[in-house]
Amino acid sequence: MSNGRESDKKLLLVVEDDMGLQKQLKWGLEQYELVFATDRETAIAQLRRYEPDVITLDLGLPPDPANASVGMQVLQEILQLHPESKVIVLTGNDDKVNAVNSIGLGAYDYCQKPMDLDTLGLILERAFLLRELEKENRRLAAIRLQNSPLQGVIAASEEMLEVCKLVERIAPANISALLLGESGTGKEVLAVAIHALSDRASQRFVAINCASIPENLLESELFGYEKGAFTGAVKQTPGKVETAHRGTLFLDEIGDMPMPLQSKLLRFLQERRFERLGGRQEIEVDVRIISATHQDLEEMTRDGRFREDLYYRLSEFVITIPPLRARPGDAILIARTFFNRYCDELGRPLKGFSEEACQAVEEYGWPGNVRQLENRVKRAVIMADGSQVTASDLGLPQGEAQDVWPLNLKQVRDIEEKRAIVRALGFTDNNISRASELLGITRPTLYALLEKHAIQCAR
């Protein structure tokens, strides 16, 4: 995406209302192309226009610059709209609490005011380098996905492995898929996997979150607009549907799409043609639609809040993703993956989770699912004082048991036997010797049980 840019410099979005500080940054960061925003609205507009890799964000923004609440809100919006961005929070020397809280929400790093430009420059250089590495990893992962498209999905539970099988089965078929699941369960990860396994894998995967874009802008984001279609429409701009031609369009949080736009989307799905906003010419595109929502669309159709005919168009195949609390053994495996990632990123030489921390991860209900787990692990890696992450570093309340038990005793034994093995492997980081000791069985017996329950273990 060029966004009309001519400079070869790396682009840095600076969200800062202090004009003096803006001039200081212009002078001290000449190696970057700086784009400025002074308030929330401008920041979000610049984010949508440029999709910057790195952003500096002053927490004290108007209309309440003495308070960090607006800055925190902008941080959350940025990470929701463009989660790949690395956000460096700028805060006062006496406001370390908000700086740490911003890291917990997903900010990359923070820098205290008055700023030392050399220090900020090092943080920015590291952030840009990390984004380049992430892009390269994504490129290499895309190559690997040709052989193992679900390699990035961390799962040991039977519930999630069954979902992965469904994804592999439907991906080659050119049908619409509807992914259902609570927020944070990884719906977009699976949508990307479906795309990567399809014959459209070499084309674009384009995502749009229907809940994060104001109703009056969503139509133009989806279908584009002609020059002069509305105030500010200074040039012809293609929408997400057109951009995804021959590829895949992912409509996240489809349940939040306003009713008038549902009608236009239905018309497009029926005819595969549309007109840009303010246009007269029909544009024909070939695109596969994958949609997702955390809402109950069937109930919404009964209540008249979602078009029934659109629901049937979108749900040629439905995949329900279980919440993390319904995936026995997965939470600790995912937590270890995030732990390793953030120890590397943040340069923390920690040695793992304490036994109490593992227990806390397993017992907690994770209402925010994988996204919440990632934030908690990142926070714990930052907060840990000792060599291990402790339960207090995670800051989790006591979870409640939510098991649904079968009545057949053999099923109960098999379920609990498999669960105990998965737990032991999670606690010991797949160390067979330590896991067999923890379970009170021999190594040959554990190998036999791994085969019996079809448990995959990196050995």
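**Strand S8 and its neighbours**

I started with the pairing of S8 and strand S11 (residues 288-293), which is parallel and runs over four bridges. I count two strands as paired if DSSP finds at least two bridges between them. Helices (H or I, at least four residues) and strands (E, at least two) are DSSP runs, numbered from the N terminus. This is a predicted model, so I took local features only at pLDDT of at least 70 and side-chain atom pairs only at pLDDT 80 or more, while totals for chains, interfaces and linings use all residues. Residues are numbered from 1 along each chain as its sequence is written, and side-chain values use heavy atoms, with hydrogens and water left out.

Next I checked burial. Buried means under 20% relative accessible area, exposed over 50%, and partly exposed in between (1.4 Å probe, protein chains only). Five of the five residues of S8 (residues 248-252) are buried, so the strand is largely enclosed by the rest of the structure. I sorted the side chains by direction. Thr248, Phe250 and Asp252 point one way, Leu249 and Leu251 point the other way, and all are buried.

**Cysteines**

I searched the whole structure for disulfides (a pair of cysteine sulfur atoms within 2.5 Å). I found zero. Cys358 is in no disulfide, and the nearest cysteine sulfur, that of Cys343, is 13 Å away. Cys358 is buried, with 2% relative accessibility. I also looked at Cys210, which is buried at 3%.

**Salt bridges**

I defined a salt bridge as a side-chain nitrogen of Lys or Arg within 4 Å of a carboxyl oxygen of Asp or Glu. The search of the whole structure gave 22 of them. I followed up a few.

Lys113 and Asp58 meet at 3.1 Å, N to O. Lys113 sits in strand S5 (residues 109-113) and Asp58 in strand S3 (residues 54-58), so this pair ties together parts that are 55 residues apart in sequence. I compared the two ends. Lys113 is partly exposed at 23%, whereas Asp58 is buried at 7%.

Glu226 and Arg276 form another salt bridge, with the closest N and O atoms 2.9 Å apart. This pair links distant parts of the chain, 50 residues apart: Glu226 is in the loop between helix H8 (215-223) and helix H9 (240-243), and Arg276 is in the loop between strand S9 (273-275) and strand S10 (282-284). I noted Arg276 as buried, at 11% relative accessibility.

Asp309 pairs with Arg307, and their closest N and O atoms are 2.8 Å apart. Asp309 is partly exposed at 33%. Arg307 is partly exposed too, at 26%.

I also logged a network of salt bridges that links Asp53, Lys86, Arg131 and Glu134.

**Annotated domain**

Last, I checked the record. UniProt places the feature "domain: Sigma-54 factor interaction" at residues 153-382, in an unreviewed entry. UniProt positions are in the numbering used here, feature names are shortened, and annotations may be inferred rather than shown by experiment. I computed the make-up of residues 153-382: the chain there is 45% helix and 13% strand. The end C-alpha atoms of this stretch are 25 Å apart.
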